[in-house]
Amino acid sequence: DLHAVTLRKMKRLKLVVLSAAMVLSSNLFAHGIMHETFPADGASMTTPTDRVELTFKNPTKLISIKLFDSEEKSVPANFERSMQAGTRFELMFPALEPDSYSVRWKGMGEDGHMMKGDFEFVQE
């Protein structure tokens, strides 16, 4: 029956649109809570950098933060996971060699919503 096939297709389309909207809204939420980073995303640092800072708009539990070089090797860093929510976190490491770096983080909002993000910068 053509009508039944059309109804099934419409239901599938609604499901796909709803799923896409949920994924997009969670990504927007995750990006919306970040206030700023140091270094800024895309920055070129001319002085040696020995830390990364994340500042969130709302209290967040930072679960992990990792720094990687251009070859995807993890840079040894000092970060202690805290069970308390905060708005500012710092990752310390030895001064970086010239290279491009990426920072990846995972956190949890006060409402239990899991978030993640990343940014990149260059150490000249």
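User: Is Tyr101 buried or exposed?

Analyst: The model is predicted: local features need pLDDT of at least 70, side-chain atom pairs count only at pLDDT 80 or more, and totals for chains, interfaces and linings use all residues. Residues are numbered from 1 along each chain as its sequence is written, and side-chain values use heavy atoms, with hydrogens and water left out. Buried means under 20% relative accessible area, exposed over 50%, and partly exposed in between (1.4 Å probe, protein chains only). Tyr101 has 6% relative accessibility, so Tyr101 counts as buried.

User: What kind of aromatic pair do Phe56 and Trp105 form?

Analyst: Rings of Phe, Tyr and Trp (its six-membered ring) pair if their centres lie within 6.5 Å; planes under 30 degrees apart count as stacked, over 60 as edge-to-face and the rest as tilted. The structure holds three aromatic pairs. For Phe56 and Trp105 the ring centres are 5.2 Å apart and the planes are at 80 degrees, so this pair is edge-to-face.

User: Which residues form one aromatic cluster?

Analyst: Phe56 and Trp105 are both buried. The aromatic cluster is made up of Phe56, Phe89 and Trp105.

User: What is the relative accessible area of Thr49?

Analyst: Contact means heavy atoms within 4.5 Å. Leaving aside neighbours within four places in sequence, Thr49 is in contact with several residues, including Phe38, Phe93 and Gln123. Thr49 is buried, and its relative accessible area is 3%.
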